[in-house]
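Here's a quick briefing for anyone opening this structure for the first time. Have a look, then read on.

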Amino acid sequence: MANLVNLESVSKSFGVRPLLDGVSLGVNEGDRIGVVGLNGGGKTTLLEVLAGVEPADDGRVSRSRDLRMAVVTQRTELPDGSTVRNAVIDPLGFDAEHEWAADARVRSILDGLGITALGLDSVVSRMSGGERRRVVLAAALIQDLELLVLDEPTNHLDVEGVRWLAEHLLARRCALVVVTHDRWFLDTVCNRTWEVVNGKVEQYEGGYADWIYARAERQRLADTLEEKRQNLARKELAWLRRGAPARTSKPRYRIEAAEALIADVPPLRDNVELLAFAKKRLGRTVIEVEDATLSIPDRVLVRDLTWRIGPGERIGLVGVNGSGKTTLLKLLAGEREPETGKRIQGSTVKIAHLSQELLDLNGSMRVLEAIEEIARRVVLGKYEMSASQLGERFGFSSQKQWTPVSDLSGGERRRLQLCRLLMAEPNVLLLDEPTNDLDIDTLQQLEDLLDSWAGTLVVISHDRYLVERVCDKVVALFGDGGLTELPGGIEEYLKRRDSMRDRESAVGASPDKAPSNAADQRAARKELARLERRLEVLHKKEAELHAALADAATDSARLLKLDAELRAVLAEESDVEAQWMAAAEAVEG
């Protein structure tokens, strides 16, 4: 394979701190490289030196002649006054104004990143930061490239957008170097991993799961003093092997060695014990919404919603960008009133809400002072920690804890905000995109805390790993005014979104195909009747399984089998109900 970029003994420092120290590595055709490491450890610097955005202090960077490369970093901006059309469509050189619409690849990129919905004549400078980042990303993806260099491309994408980007990159032939903390994305897309640590770059074959195994194994063999970090890596590996079938069915590392490494790692959490403790802390009533209608100026988000969140529930809330997830979370937090209906909160409930807005703190305070302002010690599940110890868990070293708040970056302020929330020892956590600006090690620390945290949790996140690991239930906003529970989790959500798009495409392509004549009406009514009969059978089966579960309370093996059957029945019920609704609309039409 041809070499595209090569670094030989490259060093790069900012001030007295070396971020890259004698680094030698290369990017070849077909490489899809994920770059991981601690925040501030040099990941972005490595990308910028590799791409030529920043010069190296020492060493040599060589690139193949006439290399077709696009770079999207946190600093990439478009010219002032640019519209989406200027940035994305015009560089392609189409002769006619609408000629681009006939190009399936161009349309796929615009739709996949939600650019079409923004409007081609929208001025980029007037957009939100997330929208601008998507336009910059589209402008890069739309080119014919040999190498694509991306820094945190998933930060402003929803779950569906992250999946689309992964599939798009897998289908391309160009090489890729990407910094991201999205572990599902790393595992799905990358065939090599670079870890930037202490100025060096450790190289691994494979994606995220392979890197986690190799790191845990390396630490075990080296017998290092990083016992805490090693245990977190082993826990993550145990979760990957035990709880995520789609990934563990195709491991490239040695299964026997992996199993030996995690043999003594206990389950991530004891749900029964945590639920019992949560009930003691919270009582029966936590947060309830009854017959609530919630709107924004252009549409209704939910209509007549009744939602009861119980003690110890761990819920992931998903939906496309703009579906109303953040607004619904504000309703749960008591920061937004419904237009109709009511919100009820239990008397013992103590809520902590991590919003996407940053705290307005006294800039002269030190980091440790800002944490200790809430409390000096905290008990989170099985952990009792000082303010300083919790700060360390979220990436604030003992030295960093004496930094003035005014000197912190946006990501560091968000981590500080999360620390302060946890120091208050809440029993209900409402988290809106908690993974933004967290590196993988800090994410593991957060998940380890949440695994043993006895309380109620509702989390909005595009990070599939986080949702799958810390949540036991997933609910979605599909834009139909309701809240849909998804027994199949995020995979079910993505399948439903695919079905919705297929139906919309079919209606848009042939609006005259709707069942308007008598024969079509009869067929629709027949289908409706069939679905109603199937629903009756499923409801009966569900009732039988609930009764069987109650009878098998002391038989753990039978409980597991019955629980699996019940989940399958509930998933089929959900699908049949969706089909019934579509058939009912056809009959009414």
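At the start of α6, which backbone nitrogen does a side-chain oxygen of D158 reach? That of E160, to within 3.2 Å. Bear in mind that this is a predicted model.

**The chain overall**
- You'll find 21 helices and 20 strands in the chain.
- Of its 589 residues, 51% are buried.
- The accessible surface is about 27800 Å², and carbon and sulfur atoms hold 49% of that.
- Among contacts with a separation of 6 or more, 68% are between residues 24 or more positions apart.

**Helix α6**
- Helix α6 covers residues 159–171 and spans 19 Å from first C-alpha to last, close to the expected 18 Å.
- Ten of its 13 residues are buried, so α6 is largely enclosed by the rest of the structure.
- Those buried residues include V162, W164, L165 and H168.

**Aromatic rings**
- The structure has three aromatic pairs.
- One of them joins Y208 and W211: the ring centres are 5.8 Å apart with the planes at 55°, so this pair counts as tilted.
- Y208 and W211 sit three residues apart in helix α8, which puts about one helical turn between them.
- Y208 also pairs edge-to-face with Y465, at 5.6 Å between centres and 70° between planes.
- Y465 belongs to helix α18, so its pairing with Y208 in α8 ties together parts 257 residues apart in sequence.
- Ring pairs make a cluster of Y208, W211 and Y465.
- Y208 is buried at 1% relative accessible area, and Y465 is buried at 0%.

**A charge over a ring**
- R415 places its charged end over the ring of F396, 5.1 Å from the ring centre.

Key. Residues numbered from 1 in each chain as written. Predicted model: local features only at pLDDT ≥ 70, side-chain atom pairs only at ≥ 80, totals over all residues. Heavy atoms only, no water. Helix = DSSP H or I, 4+ residues; strand = E, 2+ residues; numbered from the N terminus. Expected span 1.5 Å × (residues − 1). Buried < 20%, exposed > 50% of the residue type's maximum accessible area, 1.4 Å probe, protein only. Polar contact = N/O pair within 3.5 Å; in protein donor to acceptor, adjacent residues only side chain to side chain. Contact = heavy atoms within 4.5 Å. Areas by Shrake-Rupley, 256 points an atom, 1.4 Å probe, with all protein chains shown as cover. Phe/Tyr/Trp six-rings, centres within 6.5 Å; stacked < 30°, edge-to-face > 60°. Lys NZ or Arg CZ within 6 Å of the ring centre and 35° of its normal.
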